[in-house]
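Dear colleague,

I am passing on the structure below, and after it you will find my notes on what the analysis returned. Please read them alongside the coordinates.

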Amino acid sequence: MIIFLLILSMIFNIASFLSIYLLFMRQNRLISKEVQHEKALTEIEQTFTGYLLEMKDENEAFLKQFEKISRQTAANEIKPSESSEAAETVMTVKTTRNLAAAAYKKPQPKKPESMSDRARAMVDQGYSIEEVAKELKKGKTEIELMLKFGQS
């Protein structure tokens with residue numbers, strides 16, 4: 001009986017060592033995968049950074065060229081007696097300049113005109129009714145009714 005228990009104990013010891021070894025190997029694989037993901041992430045970040053710097057350089061070169069063209073057209077104003085082809089060129093440059101300027105302008109949010117619109121906009125932005133009432137210098141119930149019925 002003692003021999004049987006010793007053999008059983010050895011089998012359990014061997015099984016536990018094998019399971020510990022397997023867990024250790026899985027943990028090492030997980031760590032190596034994490035390292036690979038970090039390397040891939042840094043490569044992606046470097047790629048995007050390079051791309052953004054390249055785009056920035058191209059934009060700066062475009063703006064310099066655009067400024068050069070706009071200075072040339074400003075210096076060489078077209079006279080009415082010149083050909084229509086030259087006038088079309090200047091018109092195209094001016095149109096292009098206006099389009100480029102409009103593309104770089106940031107849109108400004110419109111301010112609501114009526115008191116009701118302002119109150120509704122503030123509530124949509126997350127202000128409480130009390131805060132809206134303080135900001136608009138109105139009563140809390142007046143703001144509640146304004147929002148409920150849409151009156152100003």
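The buried residues of helix 4 are Val-132, Ala-133 and Leu-136, and because these residues cover an arc of only 100° around the axis, they lie on the same side of that helix. Please bear in mind throughout that this is a predicted model. On the other side of helix 4, Lys-134 and Glu-135 are exposed, while the cover over its buried residues includes helix 3 and helix 5. Helix 4 is followed by Lys-137, which has a positive phi, near 55°.

As for the chain as a whole, its secondary structure consists of five helices and zero strands, giving the pattern α-α-α-α-α when read along the sequence. Of its 152 residues, 10% count as buried, and the accessible surface comes to about 13700 Å², with 61% of that area belonging to carbon and sulfur atoms. Among contacts with a separation of 6 or more, 43% are between residues 24 or more positions apart.

Note on methods
Residues numbered from 1 in each chain as written. Predicted model: local features only at pLDDT ≥ 70, side-chain atom pairs only at ≥ 80, totals over all residues. Heavy atoms only, no water. Buried < 20%, exposed > 50% of the residue type's maximum accessible area, 1.4 Å probe, protein only. Helix = DSSP H or I, 4+ residues; strand = E, 2+ residues; numbered from the N terminus. Arc of directions from axis to C-beta. Contact = heavy atoms within 4.5 Å. Areas by Shrake-Rupley, 256 points an atom, 1.4 Å probe, with all protein chains shown as cover.
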